Amino acid sequence: MAGLDLLPALIDLGAVLLLALGIKGLSKVSTARSANGLAALAMGLAVLGLLIQQPLSPQAWLWVAIGTGLGGVLGLITAQRVPMTAMPETVALFNGCGGMASLLVALGVALFSPGEGSSGLVEQISIVISVFVGAITFSGSIVAMGKLQGWIDTPGWTQSTMRHAVNISLAVACLAGAIALPGDMAGAPLWVLVVASSLLGIGVTLPIGGADMPVVISLLNSYSGVAAAAAGFVVGSQLLIVAGAMVGAAGLILTQVMCTAMNRSLVSVLFGGALGGAAPVGGGGEEAGYTRITSCSAEECALALEAAERVVFVPGYGLAVAQAQHALRELSKLLENHGVEVTYAIHPVAGRMPGHMNVLLAEADVPYEQLLEMDTVNPEFPRTDVVIVLGANDVVNPDAKTDSTSPLYGMPVLEVDQARQVFVVKRSLGAGYAGIKNALFELPQTAMVFGDAKAVLNGLLTELRSMGVGKKVAA
Amino acid sequence: MSALTQALWVLLLGSLLGLELIGKVPPTLHTPLMSGANAISGITVLASLTLIAQANDQLPLLVLGSLSLGFALFNVVGGFLVTDRMLAMFSRKSPRTGGTR
């Protein structure tokens with residue numbers, strides 16, 4: 001008998017070990033991919049261990065098959081189809097579904113109390129936490145996804161103090177439901193809790209501006225870990241508690257990293273509303289804010305590139321939206337063949353999520369070691385001939401260093417203003433994601449190249465090829 | 001040690017482990033890590049399966065459990081695959097650049 005009890009326990013321990021090794025391995029480029037596989041294997045082991053411990057009836061197997069078929073196939077299709085630019089939205093969607101799963105488990109236990117005996121206080125508390133966190137994770141993630149996709153706007157009322165009143169009332173409703181729940185497990189308090197928590201998730205996510213959304217997704221990712229751990233308490237699975245706790249802690253660390261990179265405190269992200277999202281800040285919202293703009297053609301820009309020895313590209317999300325990574329890679333290959341030293345400056349929050357830009361450039365086959373992090377590349381700018389900013393804005397704003405009245409003040413930025421010549425490729429003079437005027441555009445060494453990033457890059461390629469750049473070496 | 005205290009210890013140690021494991025990640029890997037960690041949080045599949053196993057063939061519980069399993073597996077399968085897609089793009093050039101250097 002002892003041997004039979006031991007086996008599932010050993011499988012569980014093995015799963016926890018693999019899970020921990022997986023998370024650790026994900027922190028190194030060389031091991032990350034196998035670590036991801038390791039974590040997936042751990043998940044499979046955990047399921048196996050559970051099935052040994054709790055045999056299923058034939059009817060139960062049928063329902064397992066239905067759920068597995070639906071979720072597995074949809075997950076498979078989504079993972080293969082989704083473009084890399086939409087990664088933040090995708091993580092938000094997956095994350096929301098994880099929250100929903102915890103919510104449904106807690107609902108099942110609360111409504112039909114499977115297993116034997118009356119539920120104790122611990123189980124009731126776990127159900128409350130699982131429902132509350134699960135519902136917030138789900139509705140919050142879906143709103144975050146909708147905002148990133150541009151499906152949902154930021155309504156005006158959410159930018160007034162009214163939102164605090166609304167959210168506080170919702171929180172009070174949650175609390176009331178939670179307190180009344182033990183007396184009536186399957187009745188009104190449960191539904192009050194479900195509805196109020198879901199609305200609260202919407203209420204706290206809706207006011208947050210798009211620029212801060214990665215922080216929210218990361219935080220919600222942490223919540224889904226908490227929801228999983230709470231579900232672990234509900235069904236009495238220690239493995240679930242460990243894994244949930246690990247993911248919860250991971251999400252918190254990552255959230256903190258992102259806040260630091262953006263010079264935003266978590267409190268101001270969560271309660272400060274959209275940073276200039278609804279109303280222009282300091283009159284910088286529209287084109288009227290700029291007075292000393294120099295614009296130039298692709299031809300002039302190509303001439304400068306042809307003469308340069310050292311070129312740094314600063315890619316931003318605009319580049320990815322224009323699907324111009326591949327054109328950029330082609331341009332940099334051409335310049336490299338011409339003997340130009342080409343690197344890419346990656347701001348920690350370039351793209352829509354930390355590390356997002358690295359993924360997008362990797363997709364376009366940009367060699368890993370050409371991607372320079374902010375601290376490495378900043379001392380290099382004074383000896384850089386040409387900087388080309390592609391669809392990045394706030395992360396190159398020199399006001400963040402010099403103007404203490406700027407909302408960006410204190411945020412670490414790429415010091416491209418130190419370079420000899422700066423070209424900014426941009427569709428118009430509209431404000432950046434944070435809605436703030438960029439002092440870089442008015443500097444004497446800066447010229448604007450107006451146009452879609454992909455069109456401009458292709459124009460540059462044509463110009464450079466007609467000048468005969470890159471031909472000799474290639475032949 | 002009661003089951004509750006034991007579970008609380010597990011919670012505490014798991015959290016501490018998570019903090020330690022994830023403290024030192026290069027920014028390049030933050031997006032894949034977030035997506036990978038997200039896939040792991042889909043471990044709620046265990047809760048869904050437990051719900052189905054303890055349902056005693058009551059239909060509402062089976063349906064709820066199955067739904068929950070579907071959501072969790074969407075998270076797990078999608079999460080791991082999409083993370084792999086991202087990481088595959090990093091690793092496919094590591095050997096090549098290693099060769100040219």
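In strand E4 of chain A, the bridge partner of A:Phe313 is A:Ile388. Strands here, and helices too, are DSSP runs numbered from the N terminus: a helix is H or I with at least four residues, a strand is E with at least two. E1(A) and E4(A) pair in the parallel sense, over five bridges; two strands count as paired if DSSP finds at least two bridges between them.

Before I go on, this is a predicted model, in which local features need pLDDT of at least 70, side-chain atom pairs count only at pLDDT 80 or more, and totals for chains, interfaces and linings use all residues. Residues are numbered from 1 along each chain as its sequence is written, and chains are lettered from A and ligands numbered from 1 in the order in which they are written.

Back to E1(A). It is also joined to E2(A), again in parallel, by four bridges. There A:Arg310 has A:Glu341 in E2(A) as its bridge partner. Five of the six residues of E1(A) are buried, so this strand is largely enclosed by the rest of the structure. Buried means that 20 or more other C-beta atoms lie within 10 Å of the residue's own; with 12 or fewer it is exposed, in between it is partly exposed, and the C-beta atoms are placed from the backbone.

How do strands of a sheet pair in general? Through backbone hydrogen bonds, either parallel or antiparallel.

In what order do the six strands of this open sheet come? The order is E3-E2-E1-E4-E5-E6 in chain A, with parallel pairing. At the edges are E3 (371-373) and E6 (446-450), each pairing on one side only. From one strand to the next the twist averages 25°. E4 (residues 386-390) and E5 (residues 421-426) run parallel and are joined by five bridges. One pair to look for there is A:Val389 with its bridge partner A:Val424 in E5(A).

Next, the helices on this sheet. Helix H13 (residues 325-337) of chain A lies across E1, E2 and E4, running at about 175° to E1(A). Such angles run from 0 to 180 degrees between N-to-C directions, and the axes are lines fitted to C-alpha atoms, for helices over the stretch in contact. Contact means that the C-beta atoms of two residues, placed from the backbone, lie within 7 Å. Helix H14 (residues 356-363) of chain A packs on the sheet as well, touching E1, E2 and E3, and its direction makes about 145° with that of E2(A).

The 13 residues of H13(A) should span 18 Å at 1.5 Å a residue, and its end C-alpha atoms are 18 Å apart, which agrees. The expected span is 1.5 Å times one less than the number of residues. Buried residues of H13(A) include A:Gln325, A:Arg329 and A:Leu335. Just after the helix, A:Gly339 takes a positive phi of about 90°.

Helix H8 (residues 213-235) of chain A has 23 residues and reaches 32 Å from first C-alpha to last, close to the 33 Å expected. Is H8(A) enclosed or open? Of its 23 residues, 23 are buried, so it is largely enclosed by the rest of the structure. After this helix comes A:Gly236, with a positive phi of about 70°.

Now chain A as a whole. It has 18 helices and six strands, and its C-alpha trace spans about 80 × 55 × 35 Å along the principal axes. Of its 475 residues, 54% are buried.

An unreviewed UniProt entry places the feature "transmembrane region" at several stretches of chain A, among them 35-54 and 125-144. UniProt positions are in the numbering used here, feature names are shortened, and annotations may be inferred rather than shown by experiment. In the model, residues 35-54 of chain A are 95% helix, with end C-alpha atoms 29 Å apart. Residues 125-144 of chain A are 100% helix, with the ends 28 Å apart.

Chain B has five helices and zero strands, and 65% of its 101 residues count as buried. Its "transmembrane region", again from an unreviewed UniProt entry, covers residues 59-82. That span is 100% helix, and its end C-alpha atoms lie 34 Å apart.

Finally, the contact between the chains. It takes 79 residues from chain B and 98 residues from chain A. On the chain B side, the largest share, 31 residues, comes from H4(B).
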